[in-house]
Protein chains: 2
Amino acid sequence: MADIQAEYLACPIRQVVSRFGDKWSMLVLFMLNRSETGVLRFNEIRRLMTDCSQKMLSQTLKNLERSHLVHREVYPEVPPRVEYSLTDTGRSLMPAVTALVDWGKEHFAEVVTD
Amino acid sequence: MADIQAEYLACPIRQVVSRFGDKWSMLVLFMLNRSETGVLRFNEIRRLMTDCSQKMLSQTLKNLERSHLVHREVYPEVPPRVEYSLTDTGRSLMPAVTALVDWGKEHFAEVVTD
DNA sequence: CGCAATTCCTACTTTTTGGTAACTATGCCA
DNA sequence: TGGCATAGTTACCAAAAAGTAGGAATTGCG
């Protein structure tokens, strides 16, 4: 039997939740994943997520980029064009995210009875 | 093609994240799931999660109970005994949670490079 | 010149979340 | 009588997350 305390303190749940448990991260990943080209521009995401403010989207994307889940490609044009896409690491997270989504679809009715 | 906006506003990710994306919920579920008997008392969980305050644990358990993921059984003894366990709905969430955990174990090193 | 488009950034404020410490109730045990 | 244990609650405070509003940079277009 492993040392439960030590295992707990390095728990991956805590890391994942503290990094991606915010209001918008999973949603952005989901949008990028379901996009047909695999690529979305800043304002395309904004239009998909109308109630996410510009500031929060920018902040969320920066966080995901720092965490190497999202790749940011800048085209030096005017007006500027910036394209976002999932990295390999980002793509590897998607099965877990869609598992959560599927659970939500199937079971959330049992949860929201109040 | 479905109406992306409507689909988005009812998105299961938002519901799941807003209900269980807090600091302790997933961790409590995980602890209950891995317990051998499937049952844990309040102070047992506290001892497993030493850095979760009494208040937060109580609050988290109450939230999970309201959401029907956790069952709370009170034994009218002195001193009181209260046992917590996963409901069927709670158990149904576990594959998604462990998917997240497994992803964390495998990929978090790629993420924390700063 | 003035405005539009695009992708941000910054200051300020509000809301939400989490933490600390103290208090409750009950009965056993010395 | 005075702890001790269990499972909480409450009031208060600090920190973090999120929202609002405005600015900045670039260049083409009328």
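This is a predicted model: local features need pLDDT of at least 70, side-chain atom pairs count only at pLDDT 80 or more; totals for chains, interfaces and linings use all residues.
Local features require pLDDT of at least 70 and side-chain atom pairs pLDDT 80 or more, whereas totals for chains, interfaces and linings use all residues. Side-chain values use heavy atoms, without hydrogens and water; residues are numbered from 1 along each chain as its sequence is written, and chains are lettered from A and ligands numbered from 1 in written order.

Polar contacts (pairs of N or O atoms within 3.5 Å) reach both parts. A polar side-chain atom of B:Gln54 lies 2.9 Å from a base nitrogen. For B:Arg41, a polar side-chain atom lies 3.1 Å from a sugar or linking oxygen. A polar backbone atom of B:Pro80 is 2.9 Å from a sugar or linking oxygen. Elements giving two or more residues to this surface are α5 (54-66) of chain A and α4 (42-48), α5 (54-66) and β3 (81-86) of chain B. Helices (H or I, at least four residues) and strands (E, at least two) are DSSP runs, numbered from the N terminus. The largest share, 4 residues, comes from α5(B).

Chain B also holds an open, antiparallel sheet of 3 strands, ordered β1-β3-β2; pairing requires at least two DSSP bridges. β1 (39-41) and β2 (70-75) each have a single partner strand, so one side of each lacks a neighbour in the sheet. β1(B) and β3(B) pair over 3 bridges. There, B:Arg41 has B:Glu83 of β3(B) as its bridge partner.

Methods:
A polar contact is a pair of N or O atoms within 3.5 Å; within protein, one must be able to donate a hydrogen and the other to accept it, and residues adjacent in sequence count only if both atoms are side-chain atoms.
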